Amino acid sequence: MSKTLIIAEKPSVARDLSSALGKFNKVEGWFENDSYIIDSAIGHLVELPMPEDIDKKLKFWRLESLPIMPEVFNLKPIEKTKSKFGELKKLMHRKDVSEVVNACDAGREGELIFTYLYELGKSKKPVKRLWLSSMTRSAIRDAFDNLRDGEQMKNLQDAARCRSEADWLIGINGTRAITTRMYGSKSRGNVASVGRVQTPTLTIVLDREREIRAFKKRTFWNIAGCFEVRQGRYDGLYQKDNFKKSEDAADRSERIWEAEEAARIVEILKNGGPAAVTETKKRTRQIAPRLYDLTTLQREANNRFGFSARRTLNVAQALYEKHKAITYPRTDSRALPEDYPEVCKRTLAAFDGELGVHAQKVLSENWVKSNRRIFNNAQVSDHFAILPTGDNQGNLNPDESKIYDMIARRFIAAFYPSAEHDVTTRNSKVEGFNFKTEGKVLVKKGWLEVYGKNNNSGTDLPPLSIEDGSPPQADLLSVELEEKETKPPPRYTEATLLSAMEGAGKFVDDEELADALKEKGLGTPATRASIIEQLINQKYIEREKRDLIPTAKAENLIDFLSALKADSLTSPSMTGDWEQKLRQIEIGKMTRSDFMSGITQMTGDIIDRAKKFQESDAGARETEINSPTDNKPILETLRTYKSQDDALVIYKTIGGRKFSEGEIKTLIEEKQIGPIDGFRSKAGKPFSARLILDVTNRVKFVFDNNNDGSGNGEAEDPIDLTTLECIGPCPKDGGKVLAAPKAFACENTFGPEKSCDFRIFRTMLSKQLPEEEIKKLLEDGKTGLIEKFISNRTKKPFSAFLTLKKGGRIGFEFPPRAASKPKKSISKGKKA
């Protein structure tokens, strides 16, 4: 009796398929009965070869061996899962297996996993395709009743192969070429990894960081007025007359840019009479948000809970595979098929508890209707929006409960009517100067009811009454002059970077490519989280709380690619071009060979540019720093600051830290700088040190008493410890902390047999630390507020407390942020 072999992508899916298709026996690593054999891959089991697999000589990274362009991409099993591949290969070749069903995830990547496995396994059995969007038993049975023929998937297979091979060609060749040009070879431990998605994403983050650095604060003034009518008080903000938006993006109707003008207006208002009041009211409707796709879910989970994109994906995957509580999460669609209203009704009926109350209201009010914002076949791709399945949601951990609640509430709320607010805009005019006030009150909860909002919530204004006159008037009780500053754009968080990756078309000028990116964006919902993690793991980006900050390594890479004019690697346009063409392959409008021909040409162009690139002084910028070697201006080149006679060369990045021009100036003029923070060892650990410019014009690290934690550096002159003052006990070993010339250090950090490493440099982030504050730190565990630290990244001053943490580590504690600068209040003499 012949059997059908079903190959799932993961073991958990194989278990679900077996439970839905009848009774099975567990045989070795798979499930089997009289009709089916169900086994699974473990994600990718087969991969493209590395260059050294093609030719052993390619193990060494040499520019002359590039480009590497295999005529045919042979496949090989992934070493750590080789036994699993062997198991599936044997099953495919069993004589009683007459057919193979591809039950890998429904999408381009799932198609690739099966295609590579089937090809390397050398199977000739006919193939069917299972296309699943939900893991409930009924959904699995429905999908098996509607299996697709393997030939129908040919275009999707071609697109999957093209994406894989193109990433290999650009990634392998680009990384090797850029690494050898930037660092000489891989052997030094430096790899300049580049890729079709990760490098444009990195460029987006770095461009924002440079925008922040270049930002120049501007001072402006607001005038706030406090008004009173019979029914109460309200505040208003002065508005400029006839304001129109201009090319100045920082300009606002309430911002006054000249102090004299602001003071003049306040002086007039001090003696002003009552305000003439007018107001308008309008009812606004706020429609329910659309259902979640993965990127929107990741973005909102980052904003609400601080979850990383990867964490949200892992939780959603567990809700899908382990708990069967939601549908397939790796989707880019926010709509449902047009035949899904009945499915939605069944799902709504399955809710209980508080969510059940809201769901029953949807059913009793008959709100599940053919709404194109919800049910729209044109907006459904390989998968539809993320839905709860209605199955039991018991035994969820806290993270799973949070994500499930987000998905369930969004699903229920989508069917509710719009929320409605009454919005009141009140204008209070005094001596010809207008003040604007807005109030907003929720009058119909609509979908906000699902999120616990009540009617009459919001900010209301005291109503006008007959006693306020006709036309109504308000007393001006006081005016406040508020001095403020414009703020730079915020750094990217994972939430905002996911949005930028999804909407990467706005970074591209070409309309067709922008449209392709609008449809797909940079990466896919399933890969965006891993791209961000990859950039962090490769030390291109660091997380600082929720902010994502590019490192010196990132800046060096993008600067080099810019000098190389390798725009195809840094601009999202390449990804837009690829996605546009891969989509054409999927629908049969472009051939695989045509696509790969273009990729081959692009790869050759990148390698050609790398080989021909010559780093020269042509175009180097003259700085305001005079060189001690020839008394001429120092030149800034791509990677260095150098004298015009080449006798002095200082790299911009030293010890993983990028130096500003001001710091280079200090080093050259004073022959030393520091101690300064922000250096990174090869192991990625931070350290502090001084730099000196020796008599041969070479830059050297100097570590106090050879204490950089690495055993490197130059020793200071011996110190007589008996002459040093003890300022407190060491938090690490109880020894005495001594006030040495360069640092406050435990007595046991000195000498050849040092047994402790507790040390605080006297200069931290360009701030000389007061000795009395370090005494306080050792005694109380916290200093007073220390001002004028200078951030290594933004070069901006900040204030903080130093704190003593577990293990003797030093941390920062920041004071509460003030809402605004001190306000200048001018009372109108009215009764408070």
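Predicted model: local features only at pLDDT ≥ 70, side-chain atom pairs only at ≥ 80, totals over all residues.
View 1. The largest cavity holds about 70 Å³ of space. Its lining is made up of Val13, Ala103, Cys104, Asp105, Ala106, Arg129, Leu130, Trp131, Leu132, Met135, Tyr320 and Tyr328. Sorted by class, the lining of the largest cavity has 10 nonpolar residues, no polar residues and 2 charged residues.

**View 2. Packing of helix α7 with helix α14.** Helix α7, which covers residues 198–214, packs with helix α14, residues 494–502, at an angle of about 125°, and the two axes are 11 Å apart. That angle makes α7 oblique to α14, and α7 passes α14 in a right-handed crossing. On the α7 side the contact is made by Thr201, Ile204 and Val205, while α14 contributes Leu497, Ala500 and Met501. Divided by class, the contact of α7 with α14 consists of 5 nonpolar residues and 1 polar residue, with no charged residues.

**View 3. Packing of helix α7 with helix α17.** Helix α7 also packs with helix α17, residues 552–564, here at an angle of about 105° and with the axes 10 Å apart. Because angles of 65 to 115 degrees count as roughly perpendicular, α7 is described as roughly perpendicular to α17. The residues of α7 that make this contact are Thr199, Leu202, Thr203, Leu206, Arg210 and Arg213, and those of α17 are Ala554, Glu555, Leu557, Ile558, Asp559 and Leu561. In the contact of α7 with α17, 6 residues are nonpolar, 2 are polar and 4 are charged.

**View 4. Packing of helix α4 with helix α6.** Helix α4 (residues 108–120) and helix α6 (residues 154–183) have axes 9 Å apart and pack at an angle of about 90°, and the two helices are therefore roughly perpendicular to each other. From α4, the contact takes in Arg108, Glu109, Glu111, Leu112, Thr115, Tyr116 and Glu119. From α6, the residues in contact are Leu156, Gln157, Ala159, Ala160, Arg161, Arg163, Ser164 and Glu165. By class, the contact of α4 with α6 has 7 charged, 5 nonpolar and 3 polar residues.

View 5. The peptide bond that runs from leucine 66 to proline 67 is cis, with omega near 0°, and proline 67 is placed in the loop between α2 (51–54) and β6 (76–77). Another cis peptide bond, with omega of about 10°, joins glycine 674 and proline 675. Proline 675 lies in a strand, β25, which spans residues 672–680. As background to this view and the next, most peptide bonds are trans, and most residues other than glycine have a negative phi.

**View 6. A positive phi at glutamate 28.** Glutamate 28, a residue other than glycine, has a positive phi, with a value near 50°. The place of glutamate 28 in the chain is the loop between β2 (25–27) and β3 (30–32).

Terms used:
Residues numbered from 1 in each chain as written. Heavy atoms only, no water. Axes fitted to C-alpha atoms, helices over the stretch in contact; angles between N-to-C directions. Helix = DSSP H or I, 4+ residues; strand = E, 2+ residues; numbered from the N terminus. Parallel < 35°, antiparallel > 145°, perpendicular 65-115°, else oblique. Left-handed = near helix turned anticlockwise from the far one by under 90°. Contact = heavy atoms within 4.5 Å. Nonpolar A, V, L, I, M, F, W, Y, C, P; charged D, E, K, R; others polar. 1 Å grid on protein atoms, 1.4 Å probe; cavity = no way out; pocket = protein on both sides within 12 Å on 5 of 7 lines; lining within 4 Å. Points joined across faces, edges and corners; volume = space filled by probe spheres on them.
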